[in-house]
Amino acid sequence: MPLHFELVTPAKLVRSEEVHMVVVPGTEGEFGVLEGHAPFMSTIRDGAVQVFAKEGAVPEIIQVRGGFAEVSEKGLTVLAEHVEA
Amino acid sequence: MPSLKELKGRINSVKSTQKITKAKQMVAAAKLRRAQAAAEAGRPYATRLSAVMASLAGKVSGSAAPKLLAGTGADQKHLLVVVNTDKGLCGGLNSNLVKAAKAKARELQAAGKSVEFYLVGKKGRAPLKREYPSLIGAGFDTSTVKTPGFTEAEAIADELIAMFDAGQFDVAHLIYPTFKSALAQDPTVNQLIPVPTPTNAVEAESVVDYEPSEEEILEELLPRYVRTQLFGALLEREASEQGASMTAMDNATRNAGDLIQKLTIQYNRSRQAAITTELIEIIAGAEAL
């Protein structure tokens with residue numbers, strides 16, 4: 001089962017796709033989110049979000065600033081004020 | 001009765017006015033589409049953020065609540081943040097906004113509160129200054145950038161939050177146009193600071209882990225919420241401006257067309273009259289011989 005990943009900025013919806021895993025740089029440490037993760041909310045420090053499209057694939061790196069992550073049963077939503085792909 | 005030459009001059013000047021209004025209308029129509037798309041694209045972020053805010057604000061309340069949510073405890077000094085456009089030629093949009101701002105100011109003053117204005121955009125400054133010369137505080141100039149974006153919203157929000165922290169006001173209201181259609185843009189008054197507690201606080205169905213604590217997350221989210229509100233207001237303003245401008249210019253073009261028609265009829269009549277007079281003179285002269 002893939003994980004539904006959404007990356008949203010105030011200007012637009014940057015990403016909305018099914019991926020294998022996302023590693024998010026949380027304020028209190030990085031955490032990886034797979035499908036079926038428990039509901040979770042965290043603020044994000046400025047840094048790189050790593051998106052693994054497939055298991056073992058080379059991660060795609062997206063720089064975010066001023067972010068916030070929410071994991072619910074629907075998937076992972078990252079709200080970021082600035083995004084540099 | 002104006003002379004033929006004068007009439008011709010007037011017809012030409014109205015014609016060139018019509019060309020200008022027509023051009024402005026077409027430009028506004030093109031820009032409106034872009035502004036509407038931008039407003040549309042900004043919605044997912046705002047909805048998600050307010051959903052998160054709602055679920056958090058329901059949990060963190062009482063003395064633990066951050067100042068931005070709970071307020072200063074007083075309700076005396078009010079700040080009206082009025083978002084006007086930078087350019088004119090958009091019909092009654094700005095005067096409607098100013099009217100709404102004045103009504104709100106009167107209402108607050110009648111309740112014994114002190115009022116100050118914070119102006120975004122150029123067009124509201126003059127009429128508000130005429131009525132309340134001493135109440136115009138700081139402002140933000142958006143005319144230097146082509147399309148105000150999130151950076152501007154951030155700058156405005158940071159300034160407002162700094163003013164709030166310094167105790168310069170207790171409550172801030174945001175007055176901006178909401179874009180309904182090209183024909184209707186309603187001025188809206190919203191409380192901006194302290195952030196109004198969402199009424200539709202949904203009870204979280206599952207246990208959610210927070211990292212760091214709920215209070216800290218909320219503390220960080222509140223300024224962001226204020227920024228998003230301002231960004232939304234700027235987007236709405238952009239769409240409203242272009243919509244109002246399109247409608248106003250469409251009317252102006254049509255009025256100019258009517259005027260040209262009337263003037264042309266008048267021109268033809270006086271030309272005809274002049275010819276007739278000349279003919280009568282010639283005939284009378286010929287008969288006298």
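**Figure 1. The β4–β5 pair of chain B.** Strands β4 (residues 171-179) and β5 (residues 185-193) of chain B pair in the antiparallel sense over 8 bridges. Strands here are DSSP runs of E with at least two residues, helices are runs of H or I with at least four residues, and both are numbered from the N terminus. Two strands count as paired if DSSP finds at least two bridges between them. B:F179 stands opposite B:Q185 of β5(B). The model is predicted: local features need pLDDT of at least 70 and side-chain atom pairs count only at pLDDT 80 or more, while totals for chains, interfaces and linings use all residues. Residues are numbered from 1 along each chain as its sequence is written, and chains are lettered from A and ligands numbered from 1 in the order in which they are written.

**Figure 2. The open sheet of chain B.** Five strands of chain B form an open sheet in the order β3-β2-β1-β4-β5, with mixed pairing. The edge strands are β3 (136-140) and β5 of chain B, each of which pairs on one side only. From one strand to the next the twist averages 25 degrees. Axes for such angles are lines fitted to C-alpha atoms (for helices, over the stretch in contact), and angles run from 0 to 180 degrees between N-to-C directions. Strand β2 (residues 114-120) of chain B runs parallel to β3(B) and is joined to β3(B) by 3 bridges. Within this pair, B:L119 has B:G139 of β3(B) as its bridge partner. In a regular strand the side chains alternate between the two faces of the sheet.

Figure 3. Helix α7(B) lies across β1 (77-83), β4 and β5 of chain B, at about 35 degrees to β4(B). B:E236 is located in this helix, α7 of chain B. B:E236 counts as buried because 21 other C-beta atoms lie within 10 Å. The classes are buried for 20 or more other C-beta atoms within 10 Å of the residue's own, exposed for 12 or fewer, and partly exposed in between, with C-beta atoms placed from the backbone. Beyond four places in sequence, the contacts of B:E236 are B:A39, B:Y176, B:P177, B:T178 and B:F179. A contact requires C-beta atoms, placed from the backbone, within 7 Å.

**Figure 4. B:P66 in its loop.** B:P66 belongs to the loop between α2 and α3 (67-70) of chain B. With 18 C-beta neighbours inside 10 Å, B:P66 is therefore classed as partly exposed. Apart from residues up to four places away in sequence, B:P66 touches B:L218, B:E219 and B:L222. B:P66 and B:E216 are 150 residues apart along the chain, and their C-alpha atoms are separated by 8.9 Å.

**Figure 5. The largest nonpolar core.** This core has 80 residues, of which A:V22, B:V81 and B:V82 touch the most other members. A nonpolar core is a set of buried Ala, Val, Leu, Ile, Met, Phe, Trp, Tyr and Cys residues joined through C-beta atoms within 7 Å. Helix α7 (residues 214-288) of chain B gives the largest share of the core, 16 residues. B:V82 touches B:L97, B:A101, B:F117, B:L119, B:V120, B:G124 and B:I175, leaving out residues up to four places away in sequence.

**Figure 6. The contact between chains A and B.** Chain B contributes 22 residues to the contact and chain A contributes 20 residues. On the side of chain B that touches chain A, α2 (43-59), β6 (209-211) and α7 of chain B each supply at least two residues. Helix α7(B) gives the most to that side, with 6 residues. The residues of that side divide into 13 nonpolar, 4 polar and 5 charged. Here Ala, Val, Leu, Ile, Met, Phe, Trp, Tyr, Cys and Pro count as nonpolar, Asp, Glu, Lys and Arg as charged, and the others, Gly among them, as polar. Strand β5 (residues 40-44) of chain A runs parallel to β6(B), with 3 bridges joining the two. A:F40 stands opposite B:D209 in β6(B).

**Figure 7. Chain A.** Chain A has 0 helices and 8 strands. Buried residues make up 38% of its 85 residues. Among contacts in chain A between residues at least 6 apart in sequence, 43% join residues at least 24 apart.

Key
Two residues are in contact if their C-beta atoms, placed from the backbone, lie within 7 Å.
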